[in-house]
Amino acid sequence: MTGDPSNESINQTPGKVDVLGAVDGSGSIGSPGCDSRSASSAVGGSAGDVAALAAEVTALLHDLASSPRPAGSAAEERARARCAAWLTSRGYSVADQPFSYSALPGRWGTPVLGVVSLLLLGAAVTTGVAGRPSAGLLLLAVAGLVLSLVGRWVVRQGILSLPLMRCRSVNLVATRGDRPPTVWLMAHLDSKSQPVPIAVRAAGVIGTLAVWGVTALLLVAGVAGLRPLTEFWWSLLAAGVVCALPIIASTVGGESNGALDNASGVAAVLGAAALLPIREAASVGIVITSAEELGLAGARAWSAGTAPAIALNCDGVDDQGEIVVMYSGNRPQQILRTVTGAAKPGEPVRTRGLVPGILTDHVALTAAGWSAVTVSRGTIGTLRRIHTRSDTMAQLRGDGLMAVASLLARSATRLATGVGSPALSADQDAAQSAEGVQ
Ligand SMILES: [Zn+2]
């Protein structure tokens, strides 16, 4: 696999290359049971050692993506054990953190929302056709308020506390120091399949929002005395039906191997865990969540019991495409500046808000008061594979993993040390110039 020379920049300051040996005494940076090489040689050392780590990360990706991993399944448990062994062999203290949640919102929330939205649209269109736009606007206002309150409760509390469809699963948490980490690297291990790809669902959500916007505008125009043609109202309803279909069809199955979503993100995070310099690794924790695909349940349970900090979530690392850092709500300036600043020249990192209709674990953390983003790599074509049976290793080589792992490690190092820290900048400058890293 491609060895990313930037891997070297975070560990090569002279006198600071003892990456893992100081922690567990083994000096191991390899895969479980592979203890023969020195710590300094693997991460901060030769291109051959970087290539060896890249090969191990790719092998990890293949193992994780060998079968579907629905939340709470035996396959997910086996994959989690593989992750735990990887982290333990690199000096991390690893703990299983079991949690329980309601799978009802994650399994049925999206289809139910699609049906409710369509029924409301039908009612609003009917008021428009009947020439009673005020009643339509009142309906929209009340329904919007009720839906947002119910949705807010379900998302913030219901997923963990609803008494229906209770399930159990486990988050894997790994740390290297005694004090609580200030920065976390996160990725979800579970996978799911849906009858429609995530890109089609997102298009349905965006289309539905647009139809609702036009409907509200027409109702306002009606109140102002304008009468749109009846045919226009029915066309609007037809558009609403088309957009709602992929939302209503978003039921949950277990037929995707989840190679891209999200064995690749887990492999990138575990690659970053192996690359972290020992001093900063004490301030950086690793969390491999479960049930992300069921309402971000694992991230919600974990953040409920963890003091808010900084998190870099990784979800989807494709072979092609640019690296994108996504956020929700207010721009997390500190993280965005740090990650874009940690990118290599010629490997630009783009930042943007999360696309409507797509959820990732950082959304749960942001809602809990964290400063969090999701790092992905891909193209529009990437979205077509997610949550489908074709998300397998037949469609993925893992070429992008080391670049993203390296970026995550560099970013976490800078965030843990303090953005703009003169000492860190000097170290990295020295390391880069010593190695000729551009
Ligand atoms: Zn995902």
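A residue counts as buried here if 20 or more other C-beta atoms lie within 10 Å of its own. Keep that in mind for strand 3 of this predicted model, where six of the six residues are buried. Both faces of the strand are covered: V183, L185 and A187 are buried on one side, and W184, M186 and H188 on the other.

Eight strands make up an open sheet with mixed pairing, in the order 1-2-4-3-5-8-6-7. Strand 1 (93–102) and strand 7 (349–353) are at the edges; each has a single partner strand, so one side of each lacks a neighbour in the sheet. On average, neighbouring strands are turned by 25° against each other, direction ignored.

Here are some of the pairings:

| Strands | Sense | Bridges |
|---|---|---|
| strand 1 and strand 2 (residues 166–175) | antiparallel | 10 bridges |
| strand 3 and strand 4 | parallel | six bridges |
| strand 3 and strand 5 | parallel | four bridges |

Individual partners can be picked out in the structure above. F99 has S169 in strand 2 as its bridge partner.

Helix 4 (residues 74–88) packs on it and touches strand 1, strand 2 and strand 4 (284–289), with a direction about 15° from that of strand 2. Helix 9 (residues 259–275) lies across strand 3 (183–188), strand 4 and strand 5 (310–317), and runs at about 130° to strand 5.

Terms used
Residues are numbered from 1 along each chain as its sequence is written. This is a predicted model: local features need pLDDT of at least 70, side-chain atom pairs count only at pLDDT 80 or more; totals for chains, interfaces and linings use all residues. Two strands pair if DSSP finds at least two bridges between them. Helices (H or I, at least four residues) and strands (E, at least two) are DSSP runs, numbered from the N terminus. Axes are lines fitted to C-alpha atoms, for helices over the stretch in contact, and angles run from 0 to 180 degrees between N-to-C directions. Two residues are in contact if their C-beta atoms, placed from the backbone, lie within 7 Å. A residue is buried if 20 or more other C-beta atoms lie within 10 Å of its own, exposed if 12 or fewer, and partly exposed in between; C-beta atoms are placed from the backbone.
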